[in-house]
Amino acid sequence: MSTSTVLTIVVVLLLIIVVIAVVVGLRARRSARPAQTSTPADPFGTGDQDSLRGDPRALKASDIVEVRGTTYTVRGSLRFDEGGWTWAEHLLDDAKGTQVWLAVEEDPDLELSLWTPVEDAGEPGAATVEVGGRTYRSDESGSARFRSEATTGLAEQGAMRYHDYESADGGMLSFESYGEADWEASTGEELSRYDVQIYPSADGRR
């Protein structure tokens, strides 16, 4: 065997050894990487929006709430419990003295709605009710216990009845009666999370 043949064999063997070493090294690096685990994200989660726009679940008296460009102050809150099902309604007051209610509940996703009191709506019970030229159909009714915080015009606690109606285009009408008081009616509209901006009062900031 000639010297040139021996050198060629040696070079080929060295190349094979180098290739094997590179492959083994790459596999070792890959196996040394920590396993990446991913937690499925809730597509309806509101964590990011709560940090950016405030958490509606934490609303309390004196907080500032901006709804579609109108600024309100929270005057008081009602906390409801219907057999373990809970929700809240917050009395909002703007600079002109206009009062509305912001309802906050989870079903199981966060749901927000704005309610405006209306006069001469009559009483609930009928299958359909007409208010403001719109026809509402009976949806659900029930009763709950309530607890009042700050200024709501109601007792500190007690019982309430409600009867909800809904129109074909998604409009809402609700009748509520607290204790032995007469029925009071409000029309409601759903809000998106982007419609509401919350500015906690100074005593609620950490």
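Me: Before we start, what do buried, exposed and partly exposed mean here?
Reply: Buried means under 20% relative accessible area, exposed means over 50%, and partly exposed is in between. Keep in mind that this is a predicted model.

Me: OK, so where does arginine 134 fall, and why?
Reply: Arginine 134 has 32% relative accessibility, so it counts as partly exposed.

Me: Which residue does arginine 134 pair up with in a salt bridge?
Reply: That's aspartate 169, and the closest N and O atoms are 3.1 Å apart. Aspartate 169 sits in the loop between strand 8 and strand 9, while arginine 134 is in strand 7, so the pair ties together parts that are 35 residues apart in sequence.

Me: And is aspartate 169 buried or exposed?
Reply: Exposed, because its relative accessibility is 55%.

Me: How many salt bridges are there?
Reply: The count comes to 9 salt bridges. One of them joins arginine 57 and glutamate 106, with the closest N and O atoms 3.1 Å apart. Arginine 57 is in the loop between helix 2 and strand 1, and glutamate 106 is in strand 4, so this bridge ties together parts 49 residues apart in sequence.

Me: What about lysine 60, which side chain does it meet?
Reply: Lysine 60 meets aspartate 63 in a salt bridge, 3.0 Å from N to O. Lysine 60 is partly exposed at 26%, whereas aspartate 63 is buried at 2%.

Me: Switching topic: how many helices and strands does the protein have?
Reply: It has 2 helices and 11 strands. Along the sequence, the pattern goes α-α-β-β-β-β-β-β-β-β-β-β-β.

Me: And how many aromatic pairs turn up?
Reply: There are 4 aromatic pairs in the whole structure. Take phenylalanine 146 and tyrosine 178: their ring centres are 5.2 Å apart and the planes sit at 85°, so the pair is edge-to-face. It links distant parts of the chain, with phenylalanine 146 in strand 7 and tyrosine 178 in strand 9, 32 residues apart.

Me: Which residues do ring pairs link into a cluster?
Reply: Phe80, Trp87 and Tyr162.

Me: Last one: which residues form the negative surface patch?
Reply: Asp107, Asp109, Glu111, Asp139, Glu140, Glu166 and Glu190 form it. From that group, aspartate 139 lies in strand 7, and it counts as partly exposed because its relative accessibility is 47%.

Methods
Residues numbered from 1 in each chain as written. Predicted model: local features only at pLDDT ≥ 70, side-chain atom pairs only at ≥ 80, totals over all residues. Heavy atoms only, no water. Patch = residues over 30% accessible without salt bridge, like charges linked within 9 Å, V, L, I, M, F, W, Y side chains within 5 Å. Areas by Shrake-Rupley, 256 points an atom, 1.4 Å probe, with all protein chains shown as cover. Salt bridge = Lys/Arg side-chain N within 4 Å of Asp/Glu carboxyl O. Lys, Arg positive; Asp, Glu negative; His and termini not counted. Charge placed at Lys NZ, Arg CZ, Asp CG, Glu CD. Helix = DSSP H or I, 4+ residues; strand = E, 2+ residues; numbered from the N terminus. Buried < 20%, exposed > 50% of the residue type's maximum accessible area, 1.4 Å probe, protein only. Phe/Tyr/Trp six-rings, centres within 6.5 Å; stacked < 30°, edge-to-face > 60°.
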